[in-house]
Amino acid sequence: MRVNQPHLHYGFLEQSLGTNAPQQLPWGMPAPQAPLAAPAPHLFVYLFISDRALSGPKQPIRLPPRGEAPTSRPFPHRNPLSPQRLPARQHQAALPSHPTFPEQPPHGSAPPAHLRRGPGAAAAAAPRGLPGGSTTWRPPPRRQPAPSSRPDPRRPHGARAAARSPLAAAAAPPPARPLRAAAAMLRPLRRRLSVPQPPLRRRSSASASGPGRRLLLSTPIFYANGPPHLGHLYSALLADALHRQRGLRGAGPGRFSTGTDEHGLKIQQAAAEAGTSPPELCARVSALFRQALTQAAVSFTDFIRTSEPRHQRAVCHFWGALQERGALYKGSYEGWYCTPDECFLPESQLAERTDSQGRTYKVSSETGHEVHWTKEENYMFRLSAFRDPLQKWLRDNPRAVFPNPFYQRVLHWLGDDLPDLSVSRERSRLQWGIPVPGDSTQTIYVWVDALVNYLSVVGYPETHGEWWPAAHHVVGKDILKFHAVYWPALLMAVGLPPPEQILVHSHWTVRGQKMSKSLGNVIDPSACIGQYTVDGFRYFLLRQGVPERDCDYYDEKVVKVLNSELADALGGLLNRSTALSINPSNTYPYFSESCFPKILDYRETKALGRASAEDYEFVVSVASLPLQVASYFEDFQIYKALECIALCVRQTNGFFQRHRPWKLNRNHPAEKLWLDTIIHVTLECLRVFGTLLQPVIPCTADKLLSRLAVEPEERGLSNLTFLPRYNGKPCPFEGRQLGSDTGILFHRLEKSSQHQIENRRL
Ligand code: MSP
């Protein structure tokens with residue numbers, strides 16, 4: 001792969017014209033006499049040095065210290081392309097920061113309308129001076145302690161009460177900083193808990209949960225070349241669970257975007273194969289995605305299609321801003337292009353294959369997709385100049401790419417050379433895409449087009465400042481480089497900060513094999529939902545999906561997990577604890593302090609009531625659950641949150657079974673007290689489980705909470721208390737009539753031999 005960059009030609013030009021030569025050139029583009037295609041062979045050594053020198057200044061971009069008000073100076077002063085940061089010779093290659101758009105547009109073409117200065121220029125199109133000062137770098141918002149009337153855990157009454165009683169921590173309403181304070185309260189108990197423990201370190205922006213804190217959560221936008229499959233749904237469910245959990249925490253206004261990625265060669269080819277036009281194919285496939293996500297209860301607030309005018313406008317503006325800030329140049333480019341992955345690949349990422357006719361061909365070693373040698377004149381993005389700023393961004397934000405193995409992977413990539421990136425394709429090859437503004441011979445590279453969707457949904461270039469950079473992108477590992485290298489660099493190049501966090505997940509295989517159309521093993525989410533129910537399938541994917549490693553799908557596993565955890569353990573517990581035979585009044589029974597007295601340390605105190613040491617240990621586990629679950633959500637370990645809940649459900653079943661409430665005589669006053677207490681504790685546990693499960697299985701959780709007579713306004717995560725009566729506090733549920741729906745919470749599934757394979761034709 002070789003890029004013949006215009007700035008390399010400056011080497012040639014400087015030799016013949018002297019160092020002022022570039023100033024005589026329009027807009028940093030090569031002089032007409034400078035060849036665009038092949039540089040003279042004798043210049044290669046010099047060109048190499050020049051290229052290295054241009055690969056980015058060694059000093060990192062200076063950012064204002066945290067908390068400092070953004071300066072009024074626009075970003076270009078800190079832009080790695082800004083001349084003041086480059087050695088003398090490079091000044092000429094880099095483009096000036098003021099004014100940045102050339103009077104003489106490159107190659108004699110007129111500047112795009114949206115960038116024209118003076119009368120007639122669209123006000124909204126000016127990249128600088130956007131509303132909200134959004135073109136200047138701002139440090140990520142500091143955590144705001146939530147103003148709250150709740151007790152301050154640092155005050156004596158909170159801290160001492162927690163130290164005195166194991167359950168006080170859980171029974172007390174969450175403090176102003178629920179995670180940190182509750183973690184401190186529960187720390188002495190952790191050693192005794194049998195559930196896996198999350199790290200106590202709290203630090204990410206995701207936890208900056210002051211009221212009013214906005215956040216945009218996003219899924220990737222899905223290629224509109226084929227119907228949705230299991231992998232797509234998994235990306236969307238992870239984001240959905242985070243979005244729902246955030247809403248239940250009352251963390252502040254949130255948006256949740258998804259959509260379809262509709263341009264590019266692969267869509268163009270898929271349309272041709274389907275015997276239709278790209279717009280027709282995209283309309284059909286986009287509707288399938290919308291339908292599949294809606295069917296799976298994915299609670300998106302924004303659905304964007306890259307063929308929409310609002311997005312095209314945003315992309316054109318973004319392109320103009322890149323051009324204006326000198327981040328683009330035109331160069332001839334050749335290399336191996338992989339259409340299914342829509343990217344050029346270096347030799348080091350290729351492998352050779354032989355087909356049935358003995359023909360050898362090259363494929364991407366990562367995805368196995370075939371590549372083709374392509375030689376074109378393209379616009380290039382000066383990605384190489386952003387290596388240091390990207391490294392600094394990552395060093396300063398160790399959770400910017402999460403979980404950590406993916407962060408390390410990105411750092412590793414940045415340790416290697418970072419060549420400039422081809423960001424357009426010749427229009428003669430790719431017609432289905434957004435034309436380069438002012439150059440109708442080129443189409444904008446589909447990845448630049450697609451990534452800008454995260455800005456278009458928040459109203460770029462007008463209103464994005466209200467949301468950006470408070471954005472968390474959920475992405476699969478295959479598109480990590482696009483999100484964690486290209487996207488932040490593109491954003492920096494236009495003067496915008498990178499997104500706050502990129503949350504990465506691994507892939508699903510099917511019976512040990514990669515999902516692929518050719519293997520005929522692509523799993524259809526709609527068929528799965530038909531078979532396992534919406535909540536069943538959501539639960540399975542989120543319970544079994546581990547972000548750091550690939551997971552294997554097979555139907556028998558789904559049946560096993562759902563039967564054992566949702567039908568038997570959770571559903572069975574609800575059924576048994578609300579059975580009319582043991583609770584004929586169908587009310588939330590009363591808790592008896594004499595049966596379950598508050599004690600200082602259950603290991604040392606001889607039980608006074610009827611509860612055993614095991615019972616105390618179990619309620620401590622459940623008491624710590626909300627904190628643990630919150631912590632795992634924050635760490636993007638939803639499967640671990642579900643594992644903890646499943647363990648507590650098992651413990652609650654153990655508690656119920658141990659005391660055999662069906663053997664107690666309701667007509668005997670002492671036994672009645674204990675019977676009601678057992679049911680009360682069990683319903684309290686179920687209430688906590690139902691509340692915590694809402695982001696994952698919203699319908700089932702709703703059914704469970706309705707059965708327990710928990711009102712909608714009592715289902716929030718920020719005010720979730722457990723067993724308040726143990727701490728002498730009133731329990732609003734005691735004596736309430738339980739809900740009327742006594743139906744089965746989750747039906748057992750039959751062992752299925754039917755495989756949920758995608759077989760739709762487009
Ligand atoms: N269009 C791009 C994304 C552009 S975002 C600016 C794209 N689309 S995709 O349809 O191919 O993939 C969408 C998501 O599905 C990605 O997060 C990808 O990782 C995920 N998955 C695709 N196959 C997958 C599995 N087999 N398993 C899990 N997720 C996988 O890439």
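Reply: Thr-691 counts as buried because its relative accessibility is 0%, and the cut-off for buried is under 20%. Bear in mind that this is a predicted model.

Me: Where does Thr-691 sit, and what does Thr-691 touch?

Reply: Thr-691 is in helix α22 (residues 669-693). Leaving aside residues up to four places away in sequence, Thr-691 touches Leu-705, Arg-715, Gly-716, Leu-717 and Leu-720. There's also Pro-626, which is 65 residues apart from Thr-691 in sequence and 9.2 Å apart in space, C-alpha to C-alpha.

Me: What makes α20 and α22 roughly parallel or roughly antiparallel?

Reply: The two pack at an angle of about 20°, with their axes 10 Å apart. That makes α20 roughly parallel to α22, because angles under 35 degrees get that label. The crossing of α20 and α22 is left-handed.

Me: Which residues meet where α20 packs on α22?

Reply: From α20 come Asp-615, Phe-618, Val-619, Val-622, Leu-625, Pro-626 and Val-629. They meet Trp-674, Val-681, Cys-685, Val-688, Phe-689 and Leu-692 in α22.

Me: And how do you know which way α20 runs against α21, parallel or antiparallel?

Reply: Go by the angle again: α20 and helix α21 (residues 638-659) pack at about 165°, with their axes 9 Å apart. So α20 is roughly antiparallel to α21, since the cut-off for that label is over 145 degrees. This crossing is left-handed. Residues of α20 that take part include Phe-618, Val-622, Leu-625 and Val-629. Among those they meet in α21 are Ile-638, Ala-641, Cys-644, Ile-645 and Phe-655.

Me: How many aromatic pairs does a search of the whole structure find?

Reply: The search finds 25 aromatic pairs. Take Trp-468 and Trp-487: their ring centres are 5.9 Å apart and their planes are at 75°. Centres within 6.5 Å make a pair, and planes over 60 degrees apart count as edge-to-face, so this pair is edge-to-face. Trp-468 lies in the loop between α15 (453-456) and β16 (471-476), and Trp-487 in helix α16 (residues 480-493), so the pair ties together parts that are 19 residues apart in sequence.

Me: Are those two tryptophans, Trp-468 and Trp-487, buried or exposed?

Reply: Trp-468 is buried, because its relative accessibility is 3% and the cut-off is under 20%. Trp-487 has a relative accessible area of 0%, so Trp-487 is buried too.

Me: What makes Phe-596 and Tyr-616 an edge-to-face pair?

Reply: Their ring centres lie 4.9 Å apart with planes at 70°, so the pair is edge-to-face. Phe-596 is in the loop between α19 (555-577) and α20 (613-634), while Tyr-616 is in helix α20, so the pair ties together parts that are 20 residues apart in sequence. Both Phe-596 and Tyr-616 are buried.

Me: Why is helix α18 described as largely enclosed?

Reply: Of the 11 residues of helix α18 (residues 534-544), 9 are buried, so the rest of the structure largely encloses this helix. Among the buried ones are Phe-537 and Phe-540. Those two also belong to one aromatic cluster with Tyr-234, Trp-508, Tyr-532 and Tyr-553.

Me: And what about the protein chain overall?

Reply: The chain has 23 helices and 20 strands, and 59% of its 762 residues count as buried.

Definitions and conventions:
Residues are numbered from 1 along each chain as its sequence is written. This is a predicted model: local features need pLDDT of at least 70, side-chain atom pairs count only at pLDDT 80 or more; totals for chains, interfaces and linings use all residues. Side-chain values use heavy atoms; hydrogens and water are left out. Rings of Phe, Tyr and Trp (its six-membered ring) pair if their centres lie within 6.5 Å; planes under 30 degrees apart count as stacked, over 60 as edge-to-face and the rest as tilted. Helices (H or I, at least four residues) and strands (E, at least two) are DSSP runs, numbered from the N terminus. Buried means under 20% relative accessible area, exposed over 50%, partly exposed in between (1.4 Å probe, protein chains only). Axes are lines fitted to C-alpha atoms, for helices over the stretch in contact, and angles run from 0 to 180 degrees between N-to-C directions. Angles under 35 degrees count as roughly parallel, over 145 as roughly antiparallel, 65 to 115 as roughly perpendicular and the rest as oblique. A crossing is left-handed if the near helix is turned anticlockwise from the far one by less than a right angle, and right-handed if clockwise. Contact means heavy atoms within 4.5 Å.
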